[in-house]
Amino acid sequence: MRSVRVTRGRLLRSLAALVVATAAVGATAGPAAAEDDPGWVSGWLGDVTLGGPGAPGRTVPLTLNSTGATQPRVTIDLTGLAGVATASFPTWCVTAGTSVTCPMPPTAVDEDGTLTGVVPVVFRAAPGAADGATGTLDYTALGEQTEAYAEQATITVRSGPDLLDMVDEYVSGVEVGDTRPVPVTLVNAGDQPAVDLRLTMRFAVGLVPASYRNCRYGTDQVLATVVVCTVRGTFAPGQRHELRGGFATTVGPATIGGKRITQLVEPLADAGPLPSGVRLRHREADQALRLRQLGKPLGVIPVEVAGAGGQTYLRDVRGAFDVVAQGAAVTGAVGDTVQVTVGLRNEGPGVPDGTNSGDTVGAFLFTPPTGVTVLADPLGCSQIGGEEGEPTTRTWYCSGRGAVFPAGTSNTVTFDLRIDSLAGAAGEVQPSGRYPRVDDNPGNDIAPVTVS
């Protein structure tokens, strides 16, 4: 594929032209130059893989972005799809032979002066298209007087089953102790039935999923529960299936903040490797996880269903937790080197979890007492610099130990301090941030560090 989401070169050329024009005519020509700016329009359509003839159609988003352009639109050339696939467009697009023109969609959203709209394009394999056949779709995003750049997407036909996950939910108002019916819904977008499938789910730390006898369970490195289920049955093209009543999930006391539950569906015969680093075991259970047919087969897969993975996101669960600063008090004489061990302890029951953001949690700040010198930066700690032109501050940042801060554990570091005088003020240790919120006992978030 030879397309990009944002044509950066076009933006740079527009900015360069504006700078040259302003320099040539002087500051008084600024408003006129702004009026002559044609703006810009960009488009994006990713490569598409379709089931063979007989598979349901696939709806794919062609995204348009525009700032300051008059009559932003996209023109599409369908010539390269001949014998491979067909494409159909909304009624507000105009078709002339193998050429289609779509204006910026009427549902476009304006955010800070940039319009963003989606043209839903429905692709189907052409009658007689062979497995592996490929074609191209050329498209050009433009406006009045803007530069036009032709871009291209590749359309490929693949015969066989193609399971897609249909779940993408965001849930608010969840509390510790609730049991949620997490939806599991999938559809076969291929032209062949899938015989048996694997469902893989991951429940973030604190969430407790129900037990099924055809599933195996394990815990990963960030304390999430990984569930791998083998589901028997035949899943026909276009047919949706669901887990009746959802996957019951209890919000346990370790749950705080936003929590993501992911799921992945795969034909069992083509399933990838099992999750690495997880020891999976069966649990005793009275029930098996079974999927039932849901409604009639779909003729077209909707635009929001894009891949084999889905998610349910629980927003801002306000679980209880208490992170306690651990200070120190040591004694010594001037000239001595003493050690202080400082840090944080999570008294729980909630577990701060940075897996969504990719950050470590449990980081802290250490400010030593005045009158001492830190002899070296411990592993994972570094002195925080001051503002530009100012001396470096006397505070050290010490990173967290991982993506989760389990209840009942501590993150501590030992500093070597040389005593230069004994008349200084006490130092302190405290969290570097209150994640995911200020805890339930903020009075113990700061602890003194003294040398006497």
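Student: How many disulfides does the structure hold?

Tutor: In this predicted model, a cysteine pair counts as a disulfide when the two sulfur atoms lie within 2.5 Å. Cysteine 93 is joined to cysteine 102 in this way, cysteine 215 to cysteine 229, and cysteine 381 to cysteine 398. The number of disulfides that the structure holds is therefore three.

Student: What is the pairing when the bonded cysteines of the protein are numbered in sequence order?

Tutor: Cysteine 93 is bonded to cysteine 102, cysteine 215 to cysteine 229, and cysteine 381 to cysteine 398. With the bonded cysteines numbered in sequence order, the pairing reads 1-2, 3-4, 5-6.

Student: Is the disulfide of cysteine 93 and cysteine 102 right-handed or left-handed?

Tutor: The sulfur atoms of cysteine 93 and cysteine 102 are 2.0 Å apart. The torsion about their S-S bond is about 115 degrees, so the disulfide is right-handed.

Student: Which strands hold cysteine 215 and cysteine 229?

Tutor: These two cysteines form a disulfide with a sulfur separation of 2.0 Å, and the torsion about its S-S bond is about 105 degrees, so this disulfide is right-handed. The pair ties together parts that are 14 residues apart in sequence, because cysteine 215 lies in strand E18 (residues 215–219) and cysteine 229 in strand E19 (residues 225–235). At 0% relative accessibility, cysteine 215 is buried, and cysteine 229, also at 0%, is buried. The strands asked for are E18 for cysteine 215 and E19 for cysteine 229.

Student: Which residues lie nearest the centre of the largest pocket?

Tutor: The largest pocket holds about 290 Å³ of space, and 20 residues line that pocket. By class, the lining has 10 nonpolar, five polar and five charged residues. Nearest the centre of the pocket lie Val361, Gly362, Gly433, Arg434 and Tyr435.

Definitions and conventions. Residues are numbered from 1 along each chain as its sequence is written. This is a predicted model: local features need pLDDT of at least 70, side-chain atom pairs count only at pLDDT 80 or more; totals for chains, interfaces and linings use all residues. Side-chain values use heavy atoms; hydrogens and water are left out. On a 1 Å grid over the protein atoms alone, a cavity is a set of points where a 1.4 Å probe fits but cannot get out, and a pocket is an open set with protein on both sides within 12 Å along at least five of seven lines; lining residues have an atom within 4 Å of a point. Grid points are joined across faces, edges and corners, and a volume is the space filled by probe spheres set on the points. Ala, Val, Leu, Ile, Met, Phe, Trp, Tyr, Cys and Pro count as nonpolar, Asp, Glu, Lys and Arg as charged, and the others, Gly among them, as polar. Helices (H or I, at least four residues) and strands (E, at least two) are DSSP runs, numbered from the N terminus. Buried means under 20% relative accessible area, exposed over 50%, partly exposed in between (1.4 Å probe, protein chains only).
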